[in-house]
Amino acid sequence: PFVVGAFAAPPAQGRPAALPHPRELAKQTLLLPSAGADTVPLLWRHKASGRSAQVEVTPAVTSEDIDGLIAVARASGGIVLAPRYSVQADLQQRRLVDVLPGWHLPVAEGDMVQALTLAQPTAGEPARALVRFVREALAGQG
């Protein structure tokens, strides 16, 4: 499994550095990778204690472009839910902070399918057709 967390620009005046509990996410501007629904249930786990917290959130922005969502978060546009590996450089350079330290969304192997493509369509039509087929087949599963 890999770790998904909640990340935002460093705190500005009047904005806390961290949220005390995942339920506070329901009051925030959330940036989510393609949710596909108006509300999204999230099951957060506390790393140290193993406690869990079910939170239903309404994303302000959804997109298939995780880099775009991260850029919006960097610009103080909200809290992005993203894999930690995708924001690691931003965390190290303090462009983003973890707003729910100690909590994460576990994503088990098999819960996610990713297809990487290049900006230029260098893959042949059979490969692109396979990606379209898998995307459409899985669209109704979530």
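Is serine 76 buried, partly exposed or exposed? Serine 76 counts as partly exposed, because its relative accessibility is 46% and that class sits between the under 20% of buried and the over 50% of exposed. One thing to keep in mind as you click around: this is a predicted model.

**Stop one: serine 76.** Now check its backbone. Serine 76 isn't a glycine, yet its phi is positive, at about 65°.

**Stop two: arginine 94.** Next, select arginine 94, in the loop between α2 (84-92) and β7 (97-98). Arginine 94 isn't a glycine either, and its phi is positive too, at about 60°. As for its surface, arginine 94 counts as exposed, since its relative accessibility is 67% and the cut-off for exposed is over 50%.

**Stop three: histidine 46.** Now jump to strand β3 (residues 40-46), where you'll find histidine 46. With a relative accessible area of 18%, histidine 46 is buried, because buried means under 20%.

Show the side chain of histidine 46 and look for its polar atoms. The backbone nitrogen of serine 49 is 3.2 Å from one polar atom of that side chain, and for the backbone nitrogen of alanine 48 the distance to a polar atom of the histidine 46 side chain is 3.4 Å.

Terms used:
Residues are numbered from 1 along each chain as its sequence is written. This is a predicted model: local features need pLDDT of at least 70, side-chain atom pairs count only at pLDDT 80 or more; totals for chains, interfaces and linings use all residues. Side-chain values use heavy atoms; hydrogens and water are left out. Helices (H or I, at least four residues) and strands (E, at least two) are DSSP runs, numbered from the N terminus. Buried means under 20% relative accessible area, exposed over 50%, partly exposed in between (1.4 Å probe, protein chains only). A polar contact is a pair of N or O atoms within 3.5 Å; within protein, one must be able to donate a hydrogen and the other to accept it, and residues adjacent in sequence count only if both atoms are side-chain atoms.
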